[in-house]
Amino acid sequence: MGIDEHYMHRALALAQLGLGSVSPNPLVGCVIVGENQIIGEGWHQKIGEAHAEANAIKSATDESALSGSTLYVNLEPCTHIGKTPPCADLILEKKIKRVVIANLDANKAVSGGGAEKLREGGAEVIVGVLEKEGRILNKRFFANVEKRRPYIILKWAQTADGFMARTDFSSQWISGETARQFAHKMRSEEDAVLTGRQTAQCDNPQLSVRLWQGRNPIRIAMDRYLKLPPTLHLFDGSAETLIYNVKKTEEGNNLFYVKVSEENFLSEMQADLHRRRIGSVMAEGGAQTLRLFIEADAWDEAHVFVSPKKFGEGIAAPKIAGRTTASQAGEDRYFFIENTRGKCGHAGEALPLISQPDEAFYKPKRPPYG
């Protein structure tokens, strides 16, 4: 590993600390090196607050050491004036002589502008160091800009014999405690969590973060004909909740009813979420809701927890294909599946459909998180 890759890895690690706090902005980390030592580092910590470069520069105890240093940042420094001053101007002001970047901005209108401004100001600029890793880290941001929709994450639990609910649609506690805790961690990292009408009515989910520390996501329900009873947790006003339907648009008590067309329900819903700057959605609906995303190829990754339990009969889990990684989550087998047909992340071969894994899968392995 070269020296530039070494420090860029550190910038990427710092950037990840902003997960769940900066959306719809990208995750950005920054490291400043002078005389082969880190003299400053930082990351974008909260939407509307200072960018990573400004935090790294501020952290330097000796400002004079910034002159002639090298700055590592995973995303191209900005040049526009928004809620914070342009980072490219600040870098030039501090006489930083070399800037190493993983990814250019995804927005074609500004892509390359930050690098060009730095070069014009006399800095040496290197682009593309750990570019693939940078795209994976900012998969949500790149999906928002390139696909003009939120990054869509599918999540469900299923039994060893391939069912995700009983015949009466009940599905509570298929997965074990570790898998449920991991699911709540995921919720804390995404902008919104979505469910369908059947799941909302049968399970009455709160769609909140209770088994992990973090913010509660925006709640989304797909209720085409507004059949859900107002006694459900979804309507308690405790969190911003969007109800997509084909009948009305209305607001009140932290509830937002959004009317979309019957024939373009999914695409219009995603377009509306994009306009609301909701950068990522975790879909936890039932089989019908999940298949809607899968059949439209409107998903980016899936998280599937396979329990050793068996139902014998019930509502069949969806089938899905993509680059698949398997591990263990407590008593459950955990599958992480990437949609390799999209532009975000990295490409790969599609693997066989995940539906009914055999008993040989149940071997202890490290949980999917530390």
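Analyst: Let us begin with strand pairing. Two strands pair if DSSP finds at least two bridges between them, and strands (E, at least two residues) and helices (H or I, at least four) are DSSP runs numbered from the N terminus. Here strand 14 (residues 301-306) and strand 17 run antiparallel and are joined by six bridges. Within this pair, Phe305 stands opposite Tyr334 in strand 17. The model is predicted: local features need pLDDT of at least 70, side-chain atom pairs count only at pLDDT 80 or more, and totals for chains, interfaces and linings use all residues. Residues are numbered from 1 along each chain as its sequence is written, and side-chain values use heavy atoms, with hydrogens and water left out.

User: How many bridges join strand 16 to strand 17?

Analyst: Seven bridges join strand 16 (residues 323-329) to strand 17, and the two run antiparallel. Ser327 stands opposite Tyr334. Strands 16 and 17 form a hairpin with two residues between them, and Gly330 in the turn has a positive phi of about 65°.

User: Why is strand 17 described as largely enclosed?

Analyst: Burial is read from relative accessible area: buried means under 20%, exposed over 50%, and partly exposed in between (1.4 Å probe, protein chains only). Strand 17 (residues 332-338) has seven of its seven residues buried, so it is largely enclosed by the rest of the structure. Both of its faces are covered, with Asp332, Tyr334, Phe336 and Glu338 buried on one side and Arg333, Phe335 and Ile337 on the other.

User: Which elements do the buried residues of helix 2 pack against?

Analyst: Packing is read from contacts, meaning heavy atoms within 4.5 Å. In helix 2 (residues 52-59), the buried residues are Ala52, Glu53, Asn55, Ala56 and Ile57. They pack against strand 1 (29-34), strand 2 (37-43), strand 3 (70-75) and helix 3 (87-93).

User: Which residues have the most contacts inside the largest nonpolar core?

Analyst: A nonpolar core is a set of buried Ala, Val, Leu, Ile, Met, Phe, Trp, Tyr and Cys residues joined through side-chain atoms within 4.5 Å. The largest has 35 residues, and Leu154, Trp156, Tyr244, Met269 and Phe293 have the most contacts inside it. Leaving aside residues up to four places away in sequence, Phe293 touches Ile152, Leu154, Leu194, Met222, Leu266, Met269, Ala283, Ala298 and Trp299.

User: What space lies in the largest pocket, and which residues are closest to its centre?

Analyst: On a 1 Å grid over the protein atoms alone, a cavity is a set of points where a 1.4 Å probe fits but cannot get out; a pocket is an open set with protein on both sides within 12 Å along at least five of seven lines, and lining residues have an atom within 4 Å of a point. Grid points are joined across faces, edges and corners, and a volume is the space filled by probe spheres set on the points. The largest pocket holds about 1,200 Å³. Of its 42 lining residues, Thr195, Thr199, Asp203, Glu284 and Gly285 are the closest to its centre. Helix 10 supplies the largest share of this lining, five residues.

User: How many cavities are there?

Analyst: There are two cavities of 30 Å³ or more. Of the 20 residues that line it, Val22, Ser23, Asn25, Leu27 and Arg140 are the closest to its centre. Helix 6 (residues 139-147) gives the most to that lining, with three residues. The second largest cavity contains about 70 Å³, and the residues lining it include Glu76, His80 and Asp105.
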